[in-house]
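Thanks for coming, everyone. Please look at the model on the screen while I talk.

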Amino acid sequence: MPSDSMPEMMTAIRWHPPAFDIRVESIPVPKIQDPDDAIVKVTLAALCGSDLHVYRGHAGVEKIHTSGHEFIGEVVELGSSYGAHSQGRPELYATLKVGDKVVSPFTVNCGECNVCRMGYTCRCPLGALFGSPALEGGQAQYVRVPKAGGTLFNLSDPKSWHSTLPAEMKQKALAGIADSSLLMLADILPTGVFAALQAMNHPKVLPALSGRPWPASFFPGDASTTVLPEDRVLTFAIIGLGPVGLCACVSLLDMLAAQPLPFQIVAIDPVESRREKAMAVYSKIDQAGKGSGKFITQSIDDAKKTVATWTGGVGCTAVLEIVGNTSAISLAYDLVRPFGAIVSVGVHGEPQMPFTGRQLYNKNVSFDFGRCPARAMFPMAFDLLVKRQDVFGEVGGLDSLVDRIIGPKEAPEIYAAFDKSTIGKAVFDMWK
Ligand SMILES: [Zn+2]
Ligand SMILES: [Zn+2]
């Protein structure tokens, strides 16, 4: 039922074609269009690296639309599907209430189809990306969330998702964590965790992890092995140290710290200030969260030399590519070992991939491409967010992920500055 206090008009940050044109406009407040919809009053919305693809006009988009796919807020209106009568559907259809605090994964997912049930939530056939021509975005005072019962996370009801944290700690953590921190659960933290998880669990990483050569690494039995201790040192490169790259660094370190093998990570970015931030974040993490492996930040050319030296010319066990352009993916190919894995979570546009089939054949390289299923990754990301409030908790400063919280009026300049990598993660308080 609609709340009486809902205004007619609202402030929204809108993208206009063809490129580099962001306007702050007054537009009608969205209305329920489908019984499964929810209307969310946005408290904070973030600017993300993948917003830049549309901003720059690279995404082939022509339709004017509200930007932004990362938001946190409060439910102000629910469609008729919600309530105790809703049985046999995702839990939130029965339990979500007006007034609940919610965070949304950056894509809609129904939670009821084969794709969603399998955990591939970002590819739900009913899905859509917020802040795209298909669905108005969250950089607005209100946003319509389709299939909200399958999409949203209800932060007011932490029992509604699984966590490895004790219930009491989960509740306490939720009460103590700032919205600007919880907002990272919309995209950047799940995406960082997704990149690290795929790299650590890739079948091509198994010979090092298990100490048994390919293909014996897949099967129990035969204890003899040709793998030497020095072959088991895990070498990773992370390409791109923007906000998602930093989340990938923190997540990979957390996973590596929990296993016994020696490891070394080179975190790569051509921008010096980003490398400094990555090192400041690393320095802030306690020993339990980063283990005793090596972690260095380098420019592209230095990193190539380092990987060659570290691995005797063999290459990285796996490479995490967080940028999404041809030079980043070429670098990933150059750095990875034969029978290595490249995990790419950057959004790629034109031109084509910069390799031939022959090059891929010649290196037996595996690729894991694509969008993070943020809803499926949410519980893991939440647990890491709680554990790592030292780096995810604060705003501003060299060692924080969120750089600043600003009002919507500053959007045109903030987009321009983010495009030039002169600022880090920016968050809009849409009511400022
Ligand atoms: Zn994003
Ligand atoms: Zn689905």
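I will go from the domains to a sheet, then to a strand and a loop.

First, the ground rules. This is a predicted model, where local features need pLDDT of at least 70, side-chain atom pairs count only at pLDDT 80 or more, and totals for chains, interfaces and linings use all residues. Residues are numbered from 1 along each chain as its sequence is written, while chains are lettered from A and ligands numbered from 1 in the order in which they are written.

Now the domains. The bounds come from an automatic or database domain assignment. Domain 1 covers 9-186 + 373-429, and domain 2 covers 190-369. Their C-alpha centres are 28 Å apart. How many residues of domain 1 are in contact with domain 2? It is 22, and they meet 22 residues of domain 2. Contact means C-beta atoms, placed from the backbone, within 7 Å. On the domain 1 side, helix 15 (374-387) and helix 16 (389-392) each give two or more residues. Helix 15 gives the largest share, 7 residues. Helices here are DSSP runs of H or I with at least four residues, strands are runs of E with at least two, and both are numbered from the N terminus.

Six strands form an open sheet, in the order 11-10-9-12-13-14, with parallel pairing. Pairing needs at least two DSSP bridges between two strands. Strands 12 (316-321) and 13 (336-344) share 5 bridges. One partner pair there is V319 with I342.

On to strand 16, residues 425-429. Of its 5 residues, 4 are buried. Buried means 20 or more other C-beta atoms within 10 Å of the residue's own, exposed means 12 or fewer, and partly exposed is in between, with C-beta atoms placed from the backbone. Strand 3 (38-46) joins strand 16 antiparallel, through 3 bridges. L44 stands opposite D429. Strand 15 (402-406) joins strand 16 parallel, through 4 bridges. There, V402 partners K425. Strand 15, helix 17 (411-419) and strand 16 make a right-handed β-α-β unit. Right-handed means that, with the strands pointing away from the viewer, the path from the first strand over the helix to the second runs clockwise.

Last, a loop. A223 sits between helix 8 (206-210) and strand 9 (234-239). Is A223 buried or exposed? Exposed, because 8 other C-beta atoms lie within 10 Å. A223 is 12 residues from G211 in sequence, and 9.8 Å from G211 in space, C-alpha to C-alpha.

Terms used: Contact = placed C-beta atoms within 7 Å.
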